[in-house]
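Subject: Structure handover

Hello,

Here is the structure you asked to take over. Please load it before you read the notes.

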Amino acid sequence: MPEGFLGETLFSRGLYADLIGSHSALGSDADFLRLHVQAERVFDLRPRWHLLVRGEFGTSLVQNFDDLPGIYRFFAGGDRSVRGFGYNSLSPVQQVTLKDGTVEMRTTGGRHLLVGSVEIARDLPRNFAVATFFDVGNAFNEFGDPMAYAAGVGLRFRLPVITVGLDIAQPLSQSGSPRLHLNISPKL
C-alpha cells in the first residue's frame with residue numbers, strides 16, 4: 001500500500017466486485033443475481049507521465065427483466081463513467097405516459113454494463129497535472145448494442161489525500177455539446 005499524507009497508508013481502488021441477488025422465497029418481487037466489477041490501475045510511464053486505465057462490467061441474471069427493481073439495473077454516463085454524457089443518461093429507453101397524458105422517452109436501466117477509460121496525465125508544478133482521456137461504454141440489454149464514446153481534456157489538482165479534477169468532454173458517438181465534469185477521487 002502506498003503511503004500518503006503524514007505517512008499513513010492510503011486505500012487503493014484497484015479492484016471492486018459485488019455479487020448480490022434475491023429469491024422470491026425471501027420476499028423479493030424478482031429472482032435475480034447481479035454481478036458488478038470495477039477495476040482501475042495507474043501506470044507510471046515516466047517520472048512525470050502517468051497512464052490510468054479503468055474498466056467496469058456488470059451483468060444481471062433474471063428471468064423477467066421487467067420485474068427487476070430499478071436500483072439493481074445498470075446505467076452509464078457521468079463523472080466516473082463515460083464523461084461527455086449526463087449522469088446515468090446511457091441506458092435503454094422506454095416510452096412512458098405521464099399522468100397529464102404527455103408521452104416522453106425515459107432511461108430504464110440495462111441488464112448489462114460495459115465501460116472503459118484510458119487517460120494520460122502529465123504532472124505540472126505546484127501539484128497540478130493535465131490529462132487527456134477517451135471513454136467508451138453503455139448500459140444495454142443485448143450484447144452487441146452500440147457503445148457511446150467521448151474524449152476530452154482535464155486539469156488535476158492533487159491535495160494531500162485526494163485529487164480534484166475538472167474535465168471537459170465531447171461526445172463523439174452522437175451529436176452534443178461539450179460537458180463539464182468534476183471528479184474528486186483518492187490521490188492517484
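The notes below go from the overall fold to the cores, the surface and the charged and aromatic contacts.

Overall. Please keep in mind that this is a predicted model. The chain contains zero helices and ten strands, so in sequence order the pattern reads β-β-β-β-β-β-β-β-β-β. Along the principal axes, the C-alpha atoms fill a box of roughly 55 × 40 × 30 Å. Of the 188 residues, 36% count as buried.

Nonpolar cores. The largest nonpolar core has ten residues: Phe-74, Ala-76, Val-82, Phe-85, Leu-90, Leu-113, Val-115, Ala-139, Ala-148 and Ala-150. Strand 6 (112-123) and strand 8 (148-158) are the elements that contribute two or more residues to this core. Another core lies apart from it and has five residues, including Ala-30, Phe-32, Val-62 and Phe-65. In soluble globular proteins, nonpolar side chains tend to be buried together.

Nonpolar surface. At least two of the patch residues come from each of strand 7 (128-140), strand 8, strand 9 (162-171) and strand 10 (179-186). Strand 10 gives the most, with three residues. Val-153 belongs to strand 8; its relative accessibility is 49%, so Val-153 counts as partly exposed.

Aromatic pairs. Four aromatic pairs turn up in the whole structure. In one of them, Phe-128 and Phe-157 are tilted, at 4.8 Å centre to centre and with 45° between the planes. This pair links distant parts of the chain, with Phe-128 in strand 7 and Phe-157 in strand 8, 29 residues apart. Phe-128 is partly exposed because its relative accessibility is 33%, and Phe-157 is partly exposed at 30%. Another pair, Phe-140 with Phe-143, is edge-to-face, at 5.3 Å centre to centre and 70° between the planes. Here Phe-140 is buried, with a relative accessible area of 2%, whereas Phe-143 counts as exposed at 54%.

Charges over rings. Arg-73 lies over the face of Phe-65, 4.5 Å from the ring centre. The charged end of Arg-83 sits over the ring of Phe-133, 3.7 Å from its centre.

Salt bridges. The count comes to nine salt bridges. Arg-83 also takes part here: Arg-83 and Asp-135 form a salt bridge, with the closest N and O atoms 2.7 Å apart. Arg-83 is in the loop between strand 3 (49-62) and strand 4 (93-97), and Asp-135 is in strand 7, 52 residues apart. Both Arg-83 and Asp-135 are buried. Asp-167 forms a salt bridge with Arg-156, the closest N and O atoms being 2.5 Å apart. That pair joins strand 9, which holds Asp-167, to strand 8, which holds Arg-156. Asp-167 is buried because its relative accessible area is 0%, and Arg-156 is buried at 7%.

Glu-104 is partly exposed at 32% relative accessibility, and Arg-106 is partly exposed with a relative accessible area of 38%.

Regards

How values were computed. Residues are numbered from 1 along each chain as its sequence is written. This is a predicted model: local features need pLDDT of at least 70, side-chain atom pairs count only at pLDDT 80 or more; totals for chains, interfaces and linings use all residues. Side-chain values use heavy atoms; hydrogens and water are left out. A nonpolar core is a set of buried Ala, Val, Leu, Ile, Met, Phe, Trp, Tyr and Cys residues joined through side-chain atoms within 4.5 Å. Buried means under 20% relative accessible area, exposed over 50%, partly exposed in between (1.4 Å probe, protein chains only). Helices (H or I, at least four residues) and strands (E, at least two) are DSSP runs, numbered from the N terminus. Rings of Phe, Tyr and Trp (its six-membered ring) pair if their centres lie within 6.5 Å; planes under 30 degrees apart count as stacked, over 60 as edge-to-face and the rest as tilted. A charge sits over a ring if NZ of Lys or CZ of Arg is within 6 Å of the ring centre and within 35 degrees of the ring normal. A salt bridge is a side-chain nitrogen of Lys or Arg within 4 Å of a carboxyl oxygen of Asp or Glu.
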